Amino acid sequence: MMNDKYDPKAIEAKWQATWTAEQAFHAVPDPSRPKFTVVEMLAYTSGRLHMGHVENYSIGDALAWYKRLRGFNVFHPFGWDAFGQPAEEAAIKHGMAPELFTSQSIAKMKGQLERLGIGYDWTSEISTCEPEYYRWNQWFFIEMWKRGLIYRKFGPLNWCPREEIVLSNEQAENGKCWRCGSEVVQKEKEQWFARITEYADQLLTDMAQIDEGWPEGILTSQREWIGKSLGADVTFAVEGTDESITVFTTRIDTIFGVTAVMLAPEHPLVAGLVEKSLDRDNVAEFVESIRKEKRSARDIEQLVKRGIATGSFALNPFTSERVPIWVANYVLMEYGTGAVMSVPGHDERDFEFATAFNLPIRRVIVPAGVDPATLADLVDEPTAGEGVLCNSDEFNGMPTAEAREALAALAEKEGFGIARVRFRLRDWTSTRQRYWGTPVPMVHCPTCGVVPVPDDQLPVVLPHGVAITGERGSPLDHVESYVAVDCPSCGEPARRDTDTMDTFVDSSWYFYRYCDPHNATKPFDSEKIAYWFPIDQYVGGKEHANMHLIYCRFWTKFMRDIGLVTHDEPAKRLLNQGMVCMFSEEKGEIRKMSKSVGNVVEPDDMFDRFGADATRLYVLFASPPEKDMIWEVKKSASGEQEYPGIEGAYRYIARVWRLVARWHESILAAGEPGADLTEAQRAIRRKTHQSIRRATDAFEDRFRLNTVVATLMELTNTLYDFTEATATPSANDRNVVAEAISALTRMLTPFAPHVASELWELTGHPGLLTQASWPEWSDDLAREDSVEIPVQVNGKLRSKVFVAPDATREALEAAALADEKIVALIDGKAIAKVVVVPGRLVNVVVK
């Protein structure tokens, strides 16, 4: 007899041990089978899982199980984003070596994932802090350097003058050092950059390959981030000097409306202009103040526009007019050339600035057919649209689109401009001045310059036992045994580069290494990649839209160009899971579940109280995968926290368990349902096949996992109703219930694989569920015996008739006109027409 008490701890421990012993989720290429590669974004080794992780990984595992049961060869690997700043911060705070913090975090998180029952192929596990992995980061770095895609230049960094260290943006929040509170300054330092702009056009055009599988919001965000603009470079001479300022504009047709030239504070000419200023101290102080501001493309629109005149002037090349040169906080060095021509009559930001600082505002475009003399001065708002030129010398009356071509051609002819395509995208600052990361494999030689470390000397291994104090530069700067090295080219004393790579380097290609994690001679075997890639389903947060999800696309294209892969895009489909949120009774608001907020629910606590299956089921049922979910929590009368949502999931699984226990012996003796079924038995078969069809459709249509769970709950309710109405089960009762429970068990597997595996075994099925098949439905068996059709008279509901689901128009009309209520209502009246909508309604129109 099957015990009717559901014991998740025992069941889950048993099946986790079984899956490990049997290597149930290990995958190898098999050309005879369709493949399905599903990957969740690389896990950062933060120390413990939170419920956001649980949701993310449960979504991926549900898809993996579904495809496995559908006959696909499923590859579901996992790994660790193990380098990065938090490990260094932990080392500073607790005196713990980053490698120890990271290894302990991995051990804890892996144990939690195993308790959750996620079906990963752990033989493919990678950790980015291991030399066998980051050796290939270094190899890629050198290969890019050889091709001119890695280079060095000076760029601004956040600098703490007291600690003498470089800070990340997170460490310099609000312009203060996170450790000592000192004012952060911008310091120019030579850095390594990846020339991602070389692939800007491809990153845009190749979106056509993924536009059906990636969320439109991600693609739109990337298009804006890459920011392709068609325009012209125009050079303004700086009066009284040999210097010039090049501006990029998409609206050269407004060139006659320029009333100033605006520079970003980081523009290379600013220092010289400040020195020449008659108000040098004030200008210098102001420039330094806006350099400290948080200024990104996203922030600019909200900034109060501020600026200062340098006292120098530029010459408009089309008019020779002197226009003042200003430094302004709304101009970004990373966009265009770091300089803009201010046309306040036809640009909102320029208008706002000009109004605040009393700069001239000039109209140079009017609507077609309008006399400029009839228009009032531009005092309320600029006009940014198309039209015809005015106040523009010989170009007056020319349509703006035509004028852009003519003016760009004239600028090119005269040598002070050229038509150009520019991108908002900037080259990637791909290294950091920190310890815990991939060492840059370059040597600085006084004689030879920058020299790459030879391939046979890779990896350059990160030294251990390094003192991390957070003071005086990179920790590696102070490890003489690491820094002092002979030049690989001339053999003379040289210095090793002490930068480490941005962790986005680690995550730009990691999923390829899953296919060949221990290859010591190359990043991976390209034949294995050809089978498993591109990724069929990638799962991760939308917050990665403009960093990781652009960098990994760039890296794939580079690997294609050097012959490692043959595809253009790493993933066919992308699913952005929603956030896990919690309602705060105290604050009366919904907030993201976060350690910083202090509202984290520990998965281990949920596993202990309700089991991993109930935890998985709840997070997948609570909302569609791409939507935010609200974690339900209430306080009991005694003040203890209660979780009604996950408690409901636990009760449902226990209910399924008791249902199977009730029919257990009958199922073991059951056979195929016969033909001579009662109406109740036919209803069970119908509901079973309808449920299979609906669940399958929900999986295939945008992974509507919550719909699948709702379908299983409906089927379970139907089976309970049948059970209660069946005192002494007949052979066919046993047969139809056995068919239903077999289907229910397999459909439950993606959500609660432990209990499904146990039920599958208990109901007499040999082998693991990994070798089973998703249930198939029959349209004939799913079809209702009859359907209810409303009948109207002159548009008002008057009766209902029951007909076969595939009843013809003629049969529907005949049934409606034969209905007793309708016969009485239309008696003695002339029928004007009968409107029939098959499967929906019949409307009898009478006079």
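Strands S2 and S4 (residues 79–81) of this predicted model pair in the parallel sense over two bridges; helices (H or I, at least four residues) and strands (E, at least two) are DSSP runs, numbered from the N terminus, and two strands pair if DSSP finds at least two bridges between them. Within this pairing, Tyr 44 stands opposite Asp 81 in S4. The two strands belong to an open sheet of three strands with the order S2-S4-S5 and parallel pairing. Its edge strands are S2 (43–44) and S5 (126–127), each of which pairs on one side only. Residues are numbered from 1 along each chain as its sequence is written, and side-chain values use heavy atoms, with hydrogens and water left out. Local features of the predicted model need pLDDT of at least 70 and side-chain atom pairs count only at pLDDT 80 or more, while totals for chains, interfaces and linings use all residues.

A second open sheet has four strands in the order S3-S1-S25-S26, again with parallel pairing. Strands S3 (73–75) and S26 (574–575) stand at its edges with a single partner strand each, so one side of each is left without a neighbour in the sheet. Strand S1 (residues 35–40) is joined to S3 by three bridges in the parallel sense, and Lys 35 stands opposite Asn 73 in S3.

Strand S9 (residues 228–238) has antiparallel bridges to several strands. Seven bridges join S9 to S17 (residues 417–423), where Gly 417 is the bridge partner of Val 234. Six bridges join S9 to S10 in the antiparallel sense. S9 and S10 form a hairpin with five residues between them, and Gly 240 in the turn has a positive phi of about 75°. S9 is also joined by two antiparallel bridges to S12 (residues 307–315). Ala 237 has a bridge partner in S10, Ser 244, and another in S12, Leu 315.

Strand S10 (244–249) also gives two or more residues to the lining of the second largest pocket, as do helix H10 (297–300), strand S14 (339–342) and helix H11 (348–357). On a 1 Å grid over the protein atoms alone, a pocket is an open set of points where a 1.4 Å probe fits, with protein on both sides within 12 Å along at least five of seven lines, and lining residues have an atom within 4 Å of a point. The space in the second largest pocket is about 670 Å³, where grid points are joined across faces, edges and corners and the volume is the space filled by probe spheres set on the points. Its lining has 25 residues, of which Phe 248, Tyr 335, Val 340, Asp 347 and Arg 349 lie nearest the centre. S14 provides the largest share of the lining, three residues. By type, the lining residues divide into twelve nonpolar, seven polar and six charged (Ala, Val, Leu, Ile, Met, Phe, Trp, Tyr, Cys and Pro count as nonpolar, Asp, Glu, Lys and Arg as charged, and the others, Gly among them, as polar).

Thr 400 is found in helix H12 (residues 400–414). At 2% relative accessibility, Thr 400 counts as buried (buried means under 20% relative accessible area, exposed over 50%, partly exposed in between, with a 1.4 Å probe and protein chains only). Apart from neighbours within four places in sequence, Thr 400 is in contact (heavy atoms within 4.5 Å) with Arg 251, Asp 253, Ile 365, Glu 386, Gly 387, Val 388 and Leu 389.

Helix H17 (residues 548–561) has 14 residues and reaches 20 Å from its first C-alpha to its last, close to the 20 Å expected at 1.5 Å a residue; the expected span is 1.5 Å times one less than the number of residues. Of the 14 residues of H17, 13 are buried, so the helix is largely enclosed by the rest of the structure. Gly 563, which follows H17, has a positive phi near 85°.

Helix H24 (residues 753–762) is mostly covered, with eight of its ten residues buried. These buried residues pack against helices H1 (8–22), H2 (51–69), H4 (98–116), H19 (612–621), H20 (644–668) and H23 (731–748). Among them are His 754, Glu 758 and Trp 760. Gly 764 follows H24 and has a positive phi, near 90°.

Pro 624 lies in the loop between H19 and strand S29 (629–631) and is partly exposed, with a relative accessible area of 27%.
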